[in-house]
Amino acid sequence: MTGTRNALERLAATIEARRGADPETGWTAKLLARGPEKCAEKFGEEAIETVIAALSQDRQALISESADLVYHWLVLLASRGIALEEVMAELDRRTAQSGLEEKASRADAAD
């Protein structure tokens with residue numbers, strides 16, 4: 001899992017580094033310049049494409065669409081000023097307890 005986490009951290013750092021780039025020269029900069037709403041729209045499109053790939057049982061398509069989904073998820077987080085580390089800390093917190101306990105704690109917090 002460490003390799004996966006490092007890959008995500010590298011991708012998140014690349015996205016952050018491209019935040020101030022000229023939107024005419026790069027896709028990441030263009031998405032971020034268009035704002036969180038456009039980033040959310042693109043993430044939603046990729047989520048749908050990922051589901052379609054999963055249902056088609058095309059393994060390579062699912063891998064490819066999943067990579068697109070992760071990229072657009074990280075761009076969406078960046079557009080809202082949320083660092084990957086914040087999400088990873090939340091996941092670490094949740095994995096410190098059973099899934100049923102974690103789900104119950106979220107239900108209690110919503111009440």
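Student: Is Arg 94 buried, partly exposed or exposed?
Tutor: In this predicted model, the relative accessibility of Arg 94 is 29%.

Student: Which residue forms a salt bridge with Arg 94, with the closest N and O atoms 2.9 Å apart?
Tutor: A salt bridge here needs a side-chain nitrogen of Lys or Arg within 4 Å of a carboxyl oxygen of Asp or Glu. With the closest N and O atoms 2.9 Å apart, the residue that forms the salt bridge with Arg 94 is Glu 90.

Student: Which residues are linked with Glu 90 in a network of salt bridges?
Tutor: Glu 90, which is partly exposed with a relative accessible area of 29%, also forms a salt bridge with Arg 93, where the closest N and O atoms are 2.7 Å apart. Glu 90 and Arg 93 are 3 residues apart in helix 5 (residues 84–95), and so about one helical turn separates them. Arg 93 is itself partly exposed, with a relative accessible area of 39%. The residues linked with Glu 90 in the network of salt bridges are Arg 93 and Arg 94.

Student: How far apart are the closest N and O atoms in the salt bridge of Glu 45 with Lys 42?
Tutor: Glu 45 and Lys 42 are 3 residues apart in helix 3 (residues 36–56), and therefore about one helical turn separates them. Glu 45 counts as partly exposed at 31% relative accessibility, whereas Lys 42 is buried with a relative accessible area of 15%. In the salt bridge between Glu 45 and Lys 42, the closest N and O atoms are apart by 3.0 Å.

Student: How many salt bridges does the count come to?
Tutor: Among them are the salt bridge of Glu 45 with Lys 42, that of Glu 90 with Arg 93 and that of Glu 90 with Arg 94. By the rule applied here, the number of salt bridges comes to 5.

Student: How are helix 3 and helix 4 oriented to each other?
Tutor: Two packed helices are described by the angle between their axes and the distance between the axes. For helix 3 and helix 4 the axes are 8 Å apart and the packing angle is about 160°. Angles over 145 degrees count as roughly antiparallel, and therefore helix 3 and helix 4 are to each other roughly antiparallel.

Student: How many nonpolar residues are in the contact of helix 3 with helix 4?
Tutor: Helix 3 passes helix 4 in a left-handed crossing. On the side of helix 3 the residues that meet helix 4 include Pro 36, Cys 39, Ala 40 and Phe 43, while Leu 69, Trp 73 and Leu 76 are among those on the side of helix 4. Sorted by class, the residues of this contact include 4 that are polar and 5 that are charged, and the number of nonpolar residues is 13.

Student: How far apart in space are Leu 76 and Pro 36, C-alpha to C-alpha?
Tutor: Leu 76 is found in helix 4, and, leaving aside neighbours within four places in sequence, Leu 76 is in contact with Pro 36, Cys 39, Ala 40 and Phe 43. Although Leu 76 and Pro 36 are 40 residues apart in sequence, their C-alpha to C-alpha distance in space is 6.3 Å.

Student: How are helix 2 and helix 4 oriented to each other?
Tutor: The axes of helix 2 (residues 27–34) and helix 4 (residues 59–79) come within 10 Å and cross at roughly 45°. The residues that meet include Trp 27 and Leu 31 in helix 2, and Tyr 71 and Val 75 in helix 4. The crossing in which helix 2 passes helix 4 is right-handed. From the angle it follows that helix 2 and helix 4 are therefore, to each other, oblique.

Student: Is Gln 57 buried or exposed?
Tutor: Gln 57 is placed in the loop between helix 3 and helix 4, and, although not a glycine, Gln 57 has a positive phi of about 60°. Because the relative accessibility of Gln 57 is 72%, this residue counts as exposed.

Methods: Residues numbered from 1 in each chain as written. Predicted model: local features only at pLDDT ≥ 70, side-chain atom pairs only at ≥ 80, totals over all residues. Heavy atoms only, no water. Axes fitted to C-alpha atoms, helices over the stretch in contact; angles between N-to-C directions. Helix = DSSP H or I, 4+ residues; strand = E, 2+ residues; numbered from the N terminus. Parallel < 35°, antiparallel > 145°, perpendicular 65-115°, else oblique. Left-handed = near helix turned anticlockwise from the far one by under 90°. Contact = heavy atoms within 4.5 Å. Buried < 20%, exposed > 50% of the residue type's maximum accessible area, 1.4 Å probe, protein only. Nonpolar A, V, L, I, M, F, W, Y, C, P; charged D, E, K, R; others polar.
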